[in-house]
Amino acid sequence: MVKKLPPVDVVLVGFGWTGAILGQELTDAGLNVVAIERGGWRDTPTDFAVTFAQDELRYYYRQALFQEPVRETLTFRNSPDQTALPMRRLGSFLPGTGVGGAGIHWNGQTWRFLPSDFAALRHNTERYGAQAIPETMTIQDWPVGYDELEPYYDRFEYLCGISGKAGNLNGQIVEGGNPFEGARRRDYPNPPMQMVYGPTLFGAAAKELGYHPFPAPSANMSRAYTNPLGVTLAPCTYCGFCEKYGCGNYSKSSPQTTVIPVLLRKDNFELRTNSEVLRVNRDSSGKRATGVTYVDIQGQEYEQPAEIVILCAYILHNVHLLLVSGIGTPYDARSGEGTVGRNYAYQIVSGVNAFFDDKLFNPYIGAGALGIVIDDFNGDNFDHAGKGFIGGGYLACWNTNGRPIENSPTPENTPKWGAKWKSAVAKNYLRTASVSTHGAVMSHRNNYLDLDPTYRNAYGQPLLRMTFDYTDNEMKMSEFLTERAADLARAMKPREIRINARKGHYSIVPYQTTHNTGGTVMGDNPRDSVINRYLQSWDVPNLFVMGAGAFPQNPGYNPTGTVGALTYWTAEAIRSQYLKNPGPLVQA
Amino acid sequence: MRRLTRTSITTLAAMVLLTDVSGATDFDYAKLEKGRALVDAGDCVACHTQDKAKPFAGGRAIPTPFGTIYSANITPDRDTGIGAWTADDFYRAMHEGVGPHGERLYPAFPYPYFTRMSRDDVEAVHAYLMSLDPVSNTPPPNELIWPLNIRTFMAGWNMLFFNKGTYQPDPNKSAEWNRGAYLVEGPGHCGACHTPKNIFGADKASKALQGGVIQDWTAPNLTAQTSEGLGGWSEADIAEYLKTGRNRLSGATGLMAEVVVNSTSKMSDADLKAIAVYLKDVGPSSAPSVSAPAQNFMQAGEAVYRDSCAACHQGNGTGVPHMFPPLQGNAMVQQADPTTVLRIILEGAKTAATAQRPTTSAMPAYGWKLDDQQIAAVATYVRNSWGNKAGPVASDMVSRMRGAINARKAAPQTVGTGARVDAQQSH
């Protein structure tokens, strides 16, 4: 028996970064907002207390904070001619569950995309000719540009208290920042983090090679910070438990440390936890969402009517919800028709370890976004002529952690267990620096999301099916970036290096990065996109779809900064345009 | 006001009574608003609310050294609340500690403070309470030890300890000072917690505001004494703390967090400033004489501190402003009675969240991680480092506090041990 609840103005599906920001913005506009979150309540003092938060087994290896595959998972295959199998344990990426979502367990690397990233198709075609874009590459321009998003990037960075150094202030290049970045109106709200030895050496080596090193923009606080909402964060203690962990020191920006304390005080906001949305409901015309149906932890189903429905879950879940709700046309790889699930993309990472005899790096003094970066090989910051690929990535030397189970680098030809392995770990644990590459993935005709024909979730719905592999473009690009990383590692003058290149097909098993994008991409017209430039559904105008699913392809940066900017951008569009005149904000 | 739409006979009767007494009707917005502000200042809601959905309906257990008292229903319900009380009845309760049938009230209801309130103010409080929704709720009977379970016994207590009388302004002080004194000594009843008690539970008048212990919390010294009191706080610090629950020196936890959220954060800036002006003028208690702790104990404490505390409170005890209080110069840390220090180390604490300071900052519990000896050492260390000076903490004090915390967790309702008597009234 489904219980029908009293209607509200807005229902938010999922309560991570995008849900929390929209909750704050739309309650400010006077709307009654309900957020429905599949996982449980979480807050800093109760759930990530410093007395137990730093626990590798519990949080990473036993996956305490992540999506639970026993309730909801996906199936995977590399190509359309294979049969997909279900992921019974998460691997390559780690979507969150619970209040705060993956915003709880991220590293805090908070980037803006390059202005040229927003015009991937036009820019690369103009510079390198149409033949630079392979026929099966389905990249497209964003329907919004960097300059339009700049104020919203700014809002997110000030919400979070990002620590960093501007490289381009209103068009003026600033020494020590990233000279390739788009112009920003003002500097970061906080200065860069205190730099540690390994990244400092990397920065010196990069300079020697003629590159442009700068401190990574970080959501780990370089000092105490009170954001524009009045919420206070404490300085980072450099404990090295960011990615895969909640921060016990209020030092990493998350919905909990930036928005939720203010939002939950409001009478016109309500949060329902342990409640999984099963579908978006529509009226008989199919063009208007009437609300959502969800099930609570006791198995009771509810219908929550709402004037506006906003999907704020992780991209995989947002795509899944559209597909099981029958909204939009599912993408068909054979014909190239349809949009829901199209242009799924990921990222491609590799790294080089540098082993030293004469230097100590104290890896346990770390933070998720503590590092020195060069952006010389990202996007179109370098000439791609003759290289056989487009796009790029950044190279960085991070000091994210010295967590002993996860982080025990050993030189080439070290056995994987036994006495020799132990002695190699002991010898190198304090004496290793690493240069990593973080590369873009372009969208491709055969990389997509749809519903699995065989496997079902705990609620009897078909699982989401992911079909994905790297293409020549990514492999060539990653090879190029890895060579540059090796050059940089050598320039740091270590005893030896170990190159961990990306080889072969994409494997979903080893952890790489939780930067899944696409599937609900934004665009200028409904033929090649699910949502318009305001992240509004083309098919159902009172439905908005947030998150990195909107990215038409995946640039070479971590996505959260852009996800935050797009959220503020949408909030503004709803407040200033949609509420006055509900309906399509862009005519198809 | 929902009262505007109500037409019941009882309501009309109450309105007539109000009109008779004060010459004003209960539609007098200014009077209701004044009453609301005084009810906030008195933090009535804290004791008189058990179920948050039914504010002022009473039934909250108030543990005392003499047993448990359950707060009264002060909504205008005729049968179970104060709906049948006249304004005179209400004033007599507030001013004399005597109920409408002549029964003695217990001073867990702080009439020794409310007696200082002016008749006008008490009537405003009454008018406000009568404007609330009546809630039918009969609080449980008190559980007091003999002979305190006999209400007439309180007549003797009053003779010994109760000093009836409205606040008399000091003509030598400013209006602001007098307003502050009135709030502190009257409706705010600060001394109910912050003044030490004698064995009969009455204030030690000669030690007013020098700090007390209540429900296993230290209510710190509020005099101008430097190490334990407010000597190091400016007027602005005091006002900020009361308004926001946080200032550069401290954060409100425990019972004071409730007081800030329910009461002081809702008070006007002028009243908070007045309280600060008055408190800064309360003569300092004498400086405690303190023996220096053993060096090896301090070393053991420092090791624990560096490992478990320094990340937030910083290596030099300076803390993080408005998030993690500095321990250096911290008055709570240096209280003669270390109850709160030990309790916070053992079971952790959360600060009050207010509109101005919405972030709840918290310290996690260390009771499961550190043993009594380690906690005694680290408590001693923070009480005697960076210029701090306070008595060393022995491990049996930690052990007693651990026992008290465990007892409360195991059986929250068994603090009182007395006979069950007196089903009608709870004060």
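Q: A nonpolar core is a set of buried Ala, Val, Leu, Ile, Met, Phe, Trp, Tyr and Cys residues joined through C-beta atoms within 7 Å; which residues have the most contacts inside the largest nonpolar core?
A: In this predicted model, where local features need pLDDT of at least 70, side-chain atom pairs count only at pLDDT 80 or more, and totals for chains, interfaces and linings use all residues, that core has 199 residues, and those with the most contacts are A:Leu12, A:Val13, A:Phe202, A:Ile310, B:Leu342, B:Ile375 and B:Val378. Apart from it lies another core, of 67 residues, including B:Cys190 and B:Val260. Residues are numbered from 1 along each chain as its sequence is written, with chains lettered from A and ligands numbered from 1 in the order in which they are written.

Q: How do you know that the span of helix α13 of chain B agrees with its number of residues?
A: Helices are DSSP runs (H or I, at least four residues), numbered from the N terminus, and the expected span is 1.5 Å times one less than the number of residues. The 14 residues, 295-308, should therefore span 20 Å, and the end C-alpha atoms are 20 Å apart, which agrees.

Q: Which residues of α13(B) are called buried?
A: They are B:Phe297, B:Gly301, B:Val304 and B:Tyr305, since a buried residue has 20 or more other C-beta atoms within 10 Å of its own (exposed: 12 or fewer; partly exposed: in between; C-beta atoms are placed from the backbone). Because they cover an arc of only 105 degrees around the axis, they lie on the same side of α13(B).

Q: Which residues does B:Val378 touch?
A: Taking contact as C-beta atoms, placed from the backbone, within 7 Å, B:Val378 touches B:Gly301, B:Val304, B:Tyr305, B:Cys309 and B:Ile345, not counting residues up to four places away in sequence.

Key
Helices (H or I, at least four residues) and strands (E, at least two) are DSSP runs, numbered from the N terminus. The arc is that of the directions from the helix axis to the C-beta atoms. A nonpolar core is a set of buried Ala, Val, Leu, Ile, Met, Phe, Trp, Tyr and Cys residues joined through C-beta atoms within 7 Å. Two residues are in contact if their C-beta atoms, placed from the backbone, lie within 7 Å.
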